[in-house]
Amino acid sequence: MSEVLALASELIRRRSVTPADEGCQSLIAARLQAAGFDCERLRFAEVDNLWATHGSGAPVLVLLGHTDVVPSGPVEAWASDPFEPAIRDGVLYGRGAADMKGSVAAFVVALEQFVAAHPGHAGTVALLLTSDEEGDAIDGVRRVAEVFRGRGQSIDWCITGEPSSTRKLGDLLRVGRRGTLSATLTVKGVQGHVAYPDKARNPIHQALPALAELAGRSWDGGYETFPPTSLQISNFNAGTGANNVIPGEARILFNLRYNPHWTAVRLEQETGAVLDRHGLEYDLHWHRGGEPFYTPEGRLRIVAREVLGEFAGAVPEESTAGGTSDARFIAPLGAQCIEVGPVNASIHKVDENVSVSELEALPALYRRLLERLLLE
Ligand SMILES: [Zn+2]
């Protein structure tokens with residue numbers, strides 16, 4: 001069994017359902033320490049974070065990943081135990097196989113090989129792991145980034161191992177992510193009998209025109225390769241269940257996925273202005289999930305495009321689509337960020353899996369990126 005397959009399997013066996021780490025990071029720290037890395041544990045509340053470095057000074061190249069996984073869902077829906085790695089027809093099955101214990105195992109093997117072959121490499125090569133990527137993402141990389149800011153720790157390049165490939169390893173290079181902003185809106189009315197609407201104020205009727213304007217709005221026409229900003233209403237709750245009562249309030253949840261045309265502050269102002277213009281009486285609470293990031297053309301993108309091209313046999317698509325990742329917390333430190341990982345077709349699903357041959361190619365791909373960036 002290859003080293004990367006053995007380590008990925010060992011990590012899958014640890015039931016590190018977010019925010020648990022279940023010893024994944026201790027195992028990795030022990031290996032990297034033996035390879036000459038300095039390892040620092042940063043534990044905040046229930047969350048484990050590991051910062052392992054080799055070398056010193058600039059440039060600083062960080063491999064970024066997470067050891068937590070999403071819950072398995074109903075175990076009986078899986079063809080085999082989600083926490084017992086199984087190989088069938090050249091495919092490794094288990095929770096986290098693709099997102100992202102496979103990449104984390106490949107990071108470790110690549111780092112060990114890299115420092116063994118090039119002990120006097122330029123700059124600093126580092127691994128940053130958290131056990132809170134799939135959950136609240138508060139005490140994970142968000143907190144670590146605050147620590148780094150306080151210490152003046154600079155980062156030049158960050159490669160996240162999130163599963164980014166679509167059909168085969170290396171066919172897509174993620175160079176940015178949209179921002180995410182969530183809101184809880186409570187529209188206040190006056191409860192009453194439907195037969196006497198003049199004695200009540202219907203919060204549903206009040207909310208609808210404002211929500212229609214927000215939902216139908218064209219926020220922008222996209223940004224570089226980013227899709228247009230969009231607002232989606234995910235929940236609308238109001239009513240007592242009775243057909244003869246005008247409810248006293250309506251509660252609406254919505255989310256904005258936005259490109260670098262916008263900041264969270266400006267979106268909050270714009271949204272509030274629409275609600276005010278419609279004369280609503282309301283409470284509005286925002287949760288800022290993370291600003292967008294974008295890595296423009298430069299050294300990191302050029303090198304990554306060439307290396308992925310070598311492995312995939314074709315120039316990768318460069319994309320800014322998809323959800324969020326922890327790169328959103330590292331990018332504001334001034335780092336150029338990209339995401340390179342295995343095929344993402346099965347992530348968060350039952351029977352999550354990764355192709356064994358692609359998993360076994362991954363350490364060489366990461367090692368090649370390290371060599372191109374730190375040895376040239
Ligand atoms: Zn992930």
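1. Helix 3 is mostly covered, with 18 of its 21 residues buried; buried here means under 20% relative accessible area, exposed over 50% and partly exposed in between (1.4 Å probe, protein chains only). Helices are DSSP runs of H or I with at least four residues and strands are E runs of at least two, numbered from the N terminus.

2. A quick caveat: this is a predicted model, where local features need pLDDT of at least 70 and side-chain atom pairs count only at pLDDT 80 or more, while totals for chains, interfaces and linings use all residues. Residues are numbered from 1 along each chain as its sequence is written, and side-chain values use heavy atoms, with hydrogens and water left out.

3. Helix 3 (residues 97-117) passes the length check: its end C-alpha atoms are 28 Å apart, which agrees with the 30 Å that its 21 residues should span (expected span: 1.5 Å times one less than the number of residues).

4. H66 in strand 3 (residues 60-66) and E162 in the loop between strand 7 (157-160) and strand 8 (172-174) link distant parts of the chain, 96 residues apart.

5. H66 counts as buried because its relative accessibility is 0%, and E162 is buried too, at 7%.
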